[in-house]
Amino acid sequence: MLSKILRFLIYFVPFAFALYFIQNYITTNVLKEIFFFNTTHSIYLFHFIVVAVSYILLILINKFFFSQTGYAFLALGILKMILSVVFLMPLIKSDFENKIPDVLAFFVPFFCFLFFETIQSIRLLNQDQLKEKQ
């Protein structure tokens, strides 16, 4: 189990840092005239923590309740969406005139992280299914 977590983190940490540096460069150098409600740091810290905890929980569920892993992935995805709305609630309630750049700055990495987590979850399921057949 620990090897699965380490293997995930070996791919996830560089992926997250690469996305962070790309978005940080774009928001500070290309879109410098736009003021963002949430900082790039806070957005990526949120995504990093939520995805890491979600995947570790998925590994635990996979180990003890293999047949429920797919349902757990869906439930954790719904939970991440709810947490995203909670994270964005101050922006939604604010008097900001143009909220679209902030929403895009949040959801573009959200979907990148979701894609990455989905690929890793499929690999997790496929590895365990191969071991189960042997």
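The lining of the largest pocket has 12 nonpolar, two polar and no charged residues. In this count Ala, Val, Leu, Ile, Met, Phe, Trp, Tyr, Cys and Pro are nonpolar, Asp, Glu, Lys and Arg are charged, and the others, Gly among them, are polar. The model is predicted: local features need pLDDT of at least 70 and side-chain atom pairs pLDDT 80 or more, while totals for chains, interfaces and linings use all residues. Residues are numbered from 1 along each chain as its sequence is written, and side-chain values use heavy atoms, without hydrogens and water.

A pocket is an open set of points on a 1 Å grid over the protein atoms alone, where a 1.4 Å probe fits, with protein on both sides within 12 Å along at least five of seven lines; lining residues have an atom within 4 Å of a point. Points are joined across faces, edges and corners, and the volume is the space filled by probe spheres set on them.

| Pocket | Volume |
|---|---|
| Largest pocket | about 210 Å³ |
| Second largest pocket | about 170 Å³ |

Of the 14 residues lining the largest pocket, Gln23, Ile26, Leu104, Ala105 and Val108 are the closest to its centre. Helices H1 (2–30) and H4 (100–133) each supply at least two lining residues there, and H4 gives the largest share, six residues. Helices are DSSP runs (H or I, at least four residues), numbered from the N terminus.

The second largest pocket is also lined by 14 residues, and Thr27, Thr28, Phe36, Thr39 and Thr40 are the closest to its centre. H1 and helix H2 (40–64) each supply at least two residues of this lining; the largest share, four residues, comes from H1. By class, the lining of the second largest pocket has five nonpolar, eight polar and one charged residues.
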